[in-house]
Amino acid sequence: MNRNHHDPNPFDEEEVNPFSKGAPAPGSKPRIPSLGPETLGFGQKHDATVDIPLDTMKDSKNKERELAAWESDLKRREKEIRRREDAVTKAGVPNDDKNWPPFFPIIHHDISNEIPVHAQRLQYLAFASWLGIVLCLVFNMIAVMVCWIRGGGVKIFFLSTIYALLGCPMSYVLWYRPLYRAMRTDSALKFGWFFLFYLIHIGFCIFAAIAPPVVFHGKSLTGILAAIDLFNGHVMVGIFYLVGFALFCLESLLSLWVLQKIYLYFRGNK
């Protein structure tokens with residue numbers, strides 16, 4: 001029985017010391033290291049680490065600093081521009097950059113961005129009135145030139161040219177620009193200036209539509225009286241003068257309507 005007692009069990013596991021340098025001790029069982037409760041994966045102590053080069057981190061930080069500096073500088077410039085614009089607005093100095101007509105800018109005109117929304121329709125009507133007088137004066141010069149070619153005399157052509165060269169810029173300076181600025185600043189003085197010279201403008205349009213042979217020499221205006229006189233000898237010239245008469249009549253009616261609308265707007269605001 002003793003022999004059987006000392007016989008080794010073939011199914012017993014032998015303990016092995018993994019840290020021993022020599023052979024395992026006889027009769028010892030091998031030990032399998034047990035796994036801890038931590039599992040391998042993200043967020044655990046056994047996770048694999050990724051080495052990021054220090055140069056790359058420094059470059060990204062430098063870029064962030066540059067972007068932050070650029071953004072702060074941009075905000076500073078924007079504040080400076082706003083401060084200047086506010087100062088100019090408070091001082092009453094308009095920023096009149098020439099932007100119209102687009103192909104050859106000679107005046108400043110930006111109704112959609114500078115005129116209050118509730119007053120933009122009136123400003124567009126006044127602008128149409130100003131374009132109307134420009135059209136009337138230019139066509140008047142063309143019709144008088146036709147009359148001059150047909151023997152009407154060079155003097156009336158020179159007079160019609162003077163009307164066009166002086167009338168277009170003077171109408172803009174004397175009544176359209178004051179109205180534009182009055183709409184921007186709601187200035188009673190500028191409204192008064194507009195009403196004064198716009199009445200003179202309406203009087204001129206009515207006078208030109210009639211064209212009596214006084215003050216203005218001969219047939220230098222394409223009115224109804226000049227058109228009737230020209231129909232006797234030159235029918236084609238008379239037709240030109242009739243078209244000019246119709247244009248001056250339309251301009252007179254449009255101007256009277258604009259005057260009424262702007263007066264009501266002025267009284268309503270005050």
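The dialogue below walks through features of a predicted model.

Biologist: What is the mean pLDDT of the protein chain?

Modeller: pLDDT is the predictor's confidence in each residue, from 0 to 100. The mean for the protein chain is 82, and 73% of its residues reach 70 or more.

Biologist: Which residues have pLDDT under 50 and zero contacts beyond four places in sequence?

Modeller: Contact means heavy atoms within 4.5 Å. Residues 1–5 stay under 50 and have zero contacts of that kind in the model. Residues 35–43 are also below 50, but this stretch has six contacts beyond near neighbours in sequence.

Biologist: At what angle do the axes of α4 and α6 cross?

Modeller: Helices are DSSP runs (H or I, at least four residues), as strands are (E, at least two), numbered from the N terminus. Axes are lines fitted to C-alpha atoms, for helices over the stretch in contact, and angles run from 0 to 180 degrees between N-to-C directions. Here α4 (residues 120–152) and α6 (residues 188–210) have axes that come within 12 Å and cross at roughly 35°. The crossing of α4 past α6 is left-handed, a term used if the near helix is turned anticlockwise from the far one by less than a right angle.

Biologist: Which residues make the contact?

Modeller: From α4 they are Ser-129, Ile-133 and Leu-137, and from α6 Tyr-198, His-201, Phe-204 and Cys-205. They divide into five nonpolar, two polar and no charged. In this scheme Ala, Val, Leu, Ile, Met, Phe, Trp, Tyr, Cys and Pro count as nonpolar, Asp, Glu, Lys and Arg as charged, and the others, Gly among them, as polar.

Biologist: Is Ser-171 buried or exposed?

Modeller: Buried means under 20% relative accessible area, exposed over 50%, and partly exposed in between (1.4 Å probe, protein chains only). Ser-171 is found in helix α5 (residues 154–185) and counts as buried because its relative accessible area is 7%. Leaving aside neighbours within four places in sequence, Ser-171 is in contact with Trp-130, Ile-133 and Tyr-176.

Biologist: Where is phi a positive value in a residue other than glycine?

Modeller: Asp-186 has phi near 55°, and so does Ala-211. Asp-186 sits in the loop between α5 and α6 and is partly exposed, at 36% relative accessibility. Ala-211 lies in the loop between α6 and α7 and is buried, at 8%.

Biologist: Which residues does a cis peptide bond join?

Modeller: Trp-100 and Pro-101, with omega about -10°. Pro-101 is in the loop between α2 (54–91) and α3 (111–114).

Biologist: Which residues does UniProt list for "transmembrane region"?

Modeller: UniProt positions are given in the numbering used here, feature names are shortened, and annotations may be inferred rather than shown by experiment. The unreviewed entry lists 124–151, 157–176, 188–215 and 235–259. In the model, residues 188–215 are 82% helix and 0% strand, with end C-alpha atoms 34 Å apart. Residues 235–259 are 100% helix and 0% strand, and their end C-alpha atoms are 36 Å apart.

Terms used:
Residues numbered from 1 in each chain as written. Predicted model: local features only at pLDDT ≥ 70, side-chain atom pairs only at ≥ 80, totals over all residues. Heavy atoms only, no water.
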